[in-house]
Amino acid sequence: MSYILTLLAKRLAISALLLLAVSALIFAGTEILPGDVAQSVLGQSATPEALANLRRDMGLDEPALSRYFGWLGGIVQGDLGTALTNGTDIADAIGKRLYNTVFLASTAAVVAVPLAISLGLLAVLYKNRWPDKLISGTTLAFISLPEFFIGYLLIYFVAVQLGWFPSVATVYDSMTFAERLNAVALPAATLTLVVLAHMMRMTRAAILNVMQSAYIETAELKGLSAFRIVAKHALPNAIAPIVNVVMLNLAYLVVGVVVVEVIFVYPGMGQYLVDHVSKRDVPVVQACGLIFATFYIGLNMIADIISIVANPRIRHPR
Amino acid sequence: MASNTNSTDVSKGATGTAGPLLHIRNLQLSATVYPDDAKPHTVTIVDDVSFTLARGQVLGLIGESGAGKSTIGLAAMAYGRGGVHISGGEVLLDGVDISGASRRELRKVRGRQVCYVSQSAAAGFNPAHRLIDQVVESTLLNRTATAKEARARAIALFDTLGLPNPQNIGNRYPHQVSGGQLQRVMTAMALCSEPDLIVFDEPTTALDVTTQIEVLAAIKRAIRKTGVAALYISHDLAVVAQVSDEIMVLKNGKTVEHEDTRSIIETPKETYTQDLVNVRSIEHQEKPPADTPLLKVDGITAIYPGTDVAVLSDVSIELSAGQTLAVVGESGSGKSTLARVITGLLPPAKGSLTFNGQALPPELKQRSREELRELQMIYQMADVAMNPRHTVSTIIGRPLTYYFNIRGRERKQRVAELLDAIEMGEGFADRYPAELSGGQKQRVCIARALAAKPSLIICDEVTSALDPLVADGILKLLLELQSRENVAYLFITHDLATVKAIADSIAVMHRGKRVRYGVKSDVLTPPFDDYTQLLLSSVPQMKAGWLDQAIVERGL
């Protein structure tokens, strides 16, 4: 058991280091952009004296390294700094939007992950027959279309023609859970269609790969049904690759929603980020970047941990 | 013979309890092949094979690879690997023809009436589930027993099969159990649903000789105790003879001879059967060691990087020019590690190597090209030891250019000579490895080693993957080349019959130590140490009743 704990501890340490490296990269990245915050606040016509004064006030004249550690120290204590454009506290502004984004992503994930894995299993059971081809064809079609196009298709048919769900995903605090679900139905559906194909095809490929193993022949010669062979004997051995691709897609659901949020005017992280990039609000961009990176690294770490725990050779060493 | 009333038969009614359990009539098996350069076509793999098997009887199927013995065994379950299908004849199981049965009907046959034990239990068990769950799985699905009864039955079978700690071994995962034990657990899995027939497909081929005898004894005891009928498939006639009532010899998918076991091994009628019985009849006159050895391995201790276990401890051997030293032992005895040390792949922790009177640098990259040339190697898996995209002439020609800078016409000439030396001829020069048989591939590897004109060739289990008759041909070739080129062989093997055939001196290895060493006649003459005794007495003998005698002697 201690072996598995060592492995997990190592994996956690790697994630922490990776996150630190990403924070340094984000800081350095915004640092090498031409011009600085003072310049963008005061505009092109600012006098050098005014710029110098503002820089001193904002602490921009200090060395980059000490500013980096100041920034990092603040983040560790939950202080993401203040937005330049309106002077509000970034942590406050992000909090609510992050909740919205995670809510949308979770809704999409709750539908997409079980659906993708079931479709993958179905495709394996009917390999090279029409259900397999239908599943592969449809999911591929959806991944091939740009997400904004799928979004507009859904708005036109489901919202405008059928009138089932609202086309604009407005959410506010006093909404009930059901009302919220109703509001995010279309963006969640769009996201589901976008991530489905990748997960489904990976599930199919991973299971088909395992189906070549000798123990599948053993199962077949034991007189087991096709479904039992796939679900009980193939799937448990295909968990690692499936979990990896699922987590990658979950991360995409959080990080890659920018376009979908803009289409459905959904008040999430994506919109917030886009707004402030165009205004060159560096502290907000840094904070958003760091949060996205945390999700990516965290979800991939979970995938690795599940892969480690799912491996009987590691779970039960000799 | 042993009439066995079986609870699973009740549901099928009195279809044919009086007739044979398995009746295969004019069986023809075919497969569709898809060659690169031709249209897909159907090839017949097994043709016109007929036999009957009574309840409680064991029929041995024997032949070389490609003889169709496994294919016939699987046909008894109406199963075909890689597109093989029953294209003619009947497979009557208990009077019912299953050759055209639907998947649903077959599921009632497989795992219930007929069970299967595969060659590699290590690959045949699902790594994700505990052994006991896999052992009782079909029993539970058949609903012939409750979960509790099935577990009790499995544990009783573990006990019958001589597994250690039968109560708890089922709770382990496949990777936590040794290969020999897994093979026994798989036999328990086949017996657990109380079938009428078990197909044993080379169940002991992948095991060490000392483990093989234990598994064989366990299988034989279980067959006797449960009265199950069996098809026992193997390429090793001596093994089949120990467990079978009758033996059927197959060649190229056709029956050669089908008689009771005693007749097959004592009075074989067909020439092919006689060849199988008399295999390994090579006579080799032992040579006395020379005063100065070609290779001197002195006090070698070897440890793999990152571990602290000595894989070899204090091993010393000497090998004279033009002679053969056989290094014998089971898997994990350190014999292949010794080869890695000599070739410089694993520098030893202690000890020294002397070659041709000069110290041999321990590390590969410190060795000169001349030292590399003098010491060549031939491997067990000839097909993975060659680049599949190179032709035979490129494979053999490369060492000629690398060591002697021979090119063009001269190289072509030399390749032709080498092909001649391995009895293959110039016609093979432009072939790719995939176009060669197993024995031909190994011959090409031998030619590649010879091309460097070495004074020592390390042969690592070079005949283990080959059929007995093909292996015999390779050994004869090696001996002939030795007398012509005066090359020395360090011959690593687990097969004692091979050792007897070709060695001048023998080193017996066990757990990284040299337990017995000397000229062949001394090593193979009693008194033996315990391990050598065990090793020698575990080799199956080509005579009826050898296993029964060994079981009694050892109390297995």
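Is Arg228(A) buried, exposed or partly exposed? Arg228(A) counts as partly exposed, at 26% relative accessibility. Buried means under 20% relative accessible area, exposed over 50%, and partly exposed in between (1.4 Å probe, protein chains only). This is a predicted model, where local features need pLDDT of at least 70 and side-chain atom pairs count only at pLDDT 80 or more. Residues are numbered from 1 along each chain as its sequence is written, and side-chain values use heavy atoms.

**Confidence**
- Chain A averages a pLDDT of 84 (the predictor's confidence in each residue, from 0 to 100).
- In chain A, 98% of the residues score at least 70.
- Among the elements of chain A, helix H2 (residues 37–42) has the lowest mean pLDDT, 70, and helix H9 (residues 214–221) the highest, 91.
- Helices (H or I, at least four residues) and strands (E, at least two) are DSSP runs, numbered from the N terminus.

**Salt bridge between chains**
- The count is 24 salt bridges over all chains (a side-chain nitrogen of Lys or Arg within 4 Å of a carboxyl oxygen of Asp or Glu).
- Glu137(B) and Arg228(A) form one at 2.8 Å, N to O.
- Glu137(B) lies in helix H4 of chain B and Arg228(A) in helix H10 of chain A, so the pair joins two chains.
- Glu137(B) counts as buried, at 3% relative accessibility.
- Lys222(A) is linked with Arg228(A) and Glu137(B) in a network of salt bridges.

**Salt bridges within chain B**
- Asp94(B) and Arg55(B) meet at 3.0 Å, N to O.
- These two residues are 39 residues apart, and both are buried.
- Arg153(B) pairs with Glu194(B) at 3.6 Å, N to O.
- Arg153(B) sits in helix H5 of chain B, 41 residues from Glu194(B).
- Glu194(B) is partly exposed, at 33%.

Technical notes. Chains lettered and ligands numbered in written order.
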